[in-house]
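Below are questions and answers about one structure. Look at the sequence and the structure before reading on.

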Amino acid sequence: MPLLKNGAVTADPWHDGTAGLIVTVDEWRAQRDTLLARNVPLGLRLAPSDDVETIGDDARRFALIAIDFPAFTDGRPYSGARVLRERYGYDGELRATGQVLRDQLSFMQRCGFDAFEIANPNAAQDFAAAVGEISVVYQPAGDRQRSSAASAHRVA
Amino acid sequence: MVATYHYDDADRTLVRERVAQFRGQVDRRLSGALTEEEFRPLRLMNGLYLQLHAYMLRVAIPYGTLSADQMRALAAIGRRYDRDYGHFTTRQNIQFNWIKLEETPDLLHDLAQVDMHAIQTSGNVIRNVTADHYAGAAADELDDSRIYAEIIRQWSTLHPEFSFLPRKFKIAVTASATDRAALKVHDIGVRLHERDGARGFEVMVGGGQGRTPMIAKTIRDFLPEHDLLSYLEAILRVYNRQGRRDNKYKARIKILVHDLGAAAFAAKVDAEWAEIKDGPLGLPEAEVARIRHHFQPPAFRDLDAPNPLRVAKARTDPAFARWLRINTHAHKQPGYAIVDVSLKPVGGIPGDATADQMDALADIAAQYSFDEIRVTHTQNLVLPHVEEGALHAVWQALGSHGLATPNVGLASDIISCPGMDYCSLATARSIPIAQAISTRLADLDAQEDLGVLGIKISGCINACGHHHVGHIGILGLEKNGQEYYQLTLGGDPGADASLGEVLGKSFSADGIVDAVEKITVAYRALRTPGEAFIDAYRRLGPAPFKETLYAAA
Amino acid sequence: MTTQVVSANRLDNGRVVYLAPSGQWIGALSEAEVAHDASAAESLLNRAATAIIDRLIVGPYLISVTAATGRPQAERLREQIRATGPTVAPAHHDWAA
């Protein structure tokens, strides 16, 4: 699956295992110490029903966290993404997988997603267009945009 | 300038960009780049439904406040894009029933010119934040509830985390002991009140109607102003993550609150809130002051009260006197009055207004009410600030456009959803029942004698007519291809909210009108002097009413 | 015997339409193509599915009709209302006619 990251479509270095090892939440819980001892970059795959709190501060041990959208109408990953970025300070790649469509990219990015598995061949142009569509935002979110001077709450 | 929130450049930019965004989405839908499944949530987030006969657009009227120019713009939209009329709804919005998808971007563009939009009036998002329709005018309010409704509106607009909730989300705000916004049947109700000289919010969650009606539970008694948005964010985040997504009919927050129990739900909210309460959503006093400044009162004149002209006219004109008694209310400013504008003419369609009526009302508001109009959740309108000395002229002007029926709050002030005449979800028609009941109970003296009586009709189990909180509620169902109507009694939407009880077997369309009349006869026979219908029902219980309806002849 | 027609809304303007024998989507239920058995009904839905792809219509579904007068009429009140318009047209001008 092509990966949209930093405004461009690239190959996914995690796809063939060269970038590191991806685990699920259950695998992490069962093998945490073993995995850490292996000293390889780690990736975590989350379902929308997974509580990011169970990862907690361990989030920072991952170079990649991917949260799945089984349907684009499932809004849980947006909350998961914000908690990872804002509460646990997760600074690695936060990837949206599953049904990732152009018209949700801007919401995803605002919540802290910075990489997208997207099947659309025009992903890069669509992404640039989509995130540029609304320049004014009314609330702070996971992308850590700074507030404008006019209001503590508005960002433009 | 109308005493309400005025857009600045950032607000206008957002609305303009939103129109362009939707135009692009419509183009991609029409070209096939978007399937209906992908497009549907996007068009719902712009208020556009596909209904029984055509697309229906629900335009947002934040906390029910409109300027005269905005009302004129709605009239123009009704003429240009629809069939010269609109319908005011139970959430203070307006709906147009005959919209074309391909024209909607142009319609939204026209709305943007008067700082209006249809953002988030549908879809699984936070919907229009409603408030007290007498805000800024009522003598009993602690503050203008619209200030906080506006703050919540901004925070909830295009909120990236909460645009795909399990289901729709409705928030209402009041600032007085009398609840004129039906807080207890909202997903979140916010009530500003005072304690020991300090101000705080009572926060209620999990109210709602529909298939499983529930009264909201208070989960916080006294939330400081500074914490309003962070606390709401905590509630929404808990709901977004834990609300059911497997069953559309169990997906509202009321189900989550009910399943967990209010205390456990509150504990989850508190746990989440503890993590975010000191973050960027703290509401500084300066920000509240910035919004409050928009709502400062209009330039009221220093007037004597009561106004001798009003008093004299009332003495000599009984029709005017009746309208004064029924359709006007005391204003906090001496010498002013709040005017209710009835959209419930006898035998008419509840909540509908023609484009001509909208234009007329805009002119009346411009001349007599500081340019300002309100929409109530009972499908009526309000002129909030009218000089007592102008009341007779206003009454005559309203009357000449069919807007002065002296029935607000009375039996013929019926709330009715559009029902099966318009709505693809409906199981029965509701409007003809409203018309028939209104005609049967038309006598003005009799209505005044009956007093406050809220009759509410829903054409299906989704309860958009709010029948669960009707003193008399009517639910339209289908049985063997026939429309049948179930009667409930004893609902109420106010601070002492209750849900109506089913009395017995359902009625035919003719039968339900007779049944409602029999209820009023029984009430008259059984009430104590001055006892309102809802109080009589609570005292007597259903038994005497059941007997009058169902006892063998 | 269930006789059925297929109805939908036009994508561009939302108007109620029915599939006619000509293959056109027309506004009058009385001119709709009638399916007299299950396989004919399925054929109607298949043609509707093509019309979705062609971006002509949305939300097609089958309606039961009677043909007492020769022309199909909707059985359910809901479909009658959908075919002829609201039964409570506003009085301000006779747009329902």
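Q: Which residues of H2(A) are buried?
A: This is a predicted model, in which local features need pLDDT of at least 70 and side-chain atom pairs count only at pLDDT 80 or more, while totals for chains, interfaces and linings use all residues. Residues are numbered from 1 along each chain as its sequence is written, with chains lettered from A and ligands numbered from 1 in the order in which they are written. Helices (H or I, at least four residues) and strands (E, at least two) are DSSP runs, numbered from the N terminus, and a residue is buried if 20 or more other C-beta atoms lie within 10 Å of its own, exposed if 12 or fewer, and partly exposed in between, with C-beta atoms placed from the backbone. In H2(A), 10 of the 12 residues are buried, namely A:Arg76, A:Pro77, A:Tyr78, A:Ser79, A:Gly80, A:Ala81, A:Arg82, A:Val83, A:Leu84 and A:Arg85.

Q: What do the buried residues of H2(A) pack against?
A: Two residues are in contact if their C-beta atoms, placed from the backbone, lie within 7 Å. By that rule the buried residues of H2(A) have partners in two chains: helix H6 (228-242) of chain B, and, in chain A, strand E4 (42-46), strand E5 (64-69), strand E6 (93-98) and H3.

Q: How far apart are the end C-alpha atoms of H2(A)?
A: The expected span of a helix is 1.5 Å times one less than its number of residues. H2(A) has 12 residues and should therefore span 16 Å, which agrees with the distance between its end C-alpha atoms, 16 Å.

Q: Which element gives the most to the side of chain A that touches chain B?
A: The contact takes 28 residues from chain A and 30 residues from chain B. On the chain A side, two or more residues come from each of helix H2 (76-87) and helix H3 (102-111). The most, 5 residues, come from H2(A).

Q: Between which chains are the most contacts?
A: No contact joins chain A and chain C, whose closest C-alpha atoms lie 19 Å apart. Chains B and C do touch, through 26 residues from chain B and 23 residues from chain C. Of the 2 pairs of chains that touch, the one with the most contacts is chains A and B.

Q: How many nonpolar residues has the side of domain 2 of chain B that touches domain 3 of chain B?
A: An automatic or database domain assignment sets the domain bounds, and chain B is divided into domain 1 (9-112), domain 2 (137-292), domain 3 (308-399) and domain 4 (415-550). The contact takes 5 residues from domain 2 of chain B and 7 residues from domain 3 of chain B. Ala, Val, Leu, Ile, Met, Phe, Trp, Tyr, Cys and Pro count as nonpolar, Asp, Glu, Lys and Arg as charged, and the others, Gly among them, as polar. The domain 2 side has no polar and no charged residues, and its nonpolar residues number 5.

Q: Are H1(B) and H4(B) roughly parallel or roughly antiparallel?
A: Axes are lines fitted to C-alpha atoms, for helices over the stretch in contact, and angles run from 0 to 180 degrees between N-to-C directions. The axes of helix H1 (residues 9-31) and helix H4 (residues 104-112) of chain B come within 9 Å and cross at roughly 175 degrees. Angles under 35 degrees count as roughly parallel, over 145 as roughly antiparallel, 65 to 115 as roughly perpendicular and the rest as oblique. H1(B) and H4(B) are therefore roughly antiparallel.

Q: Which residues is B:Arg72 in contact with, leaving aside its neighbours within four places in sequence?
A: B:Arg72 is found in helix H3 (residues 68-81) of chain B and is buried, with 20 other C-beta atoms within 10 Å. B:Ala362 is 290 residues away from B:Arg72 in sequence, yet 6.2 Å away in space, C-alpha to C-alpha. Apart from those sequence neighbours, the contacts of B:Arg72 are B:Asp359 and B:Ala362.

Q: Is B:Tyr63 buried or exposed?
A: B:Tyr63 is in the loop between strand E2 (55-59) and strand E3 (65-67) of chain B. Phi of B:Tyr63 is near 45 degrees, a positive value in a residue other than glycine. With 29 other C-beta atoms within 10 Å, B:Tyr63 is buried.

Q: What is omega of the peptide bond from B:Ala305 to B:Pro306 near?
A: Most peptide bonds are trans. B:Pro306 has its place in the loop between helix H9 (285-294) and helix H10 (308-316) of chain B. The bond from B:Ala305 to B:Pro306 is cis, with omega near -5 degrees.
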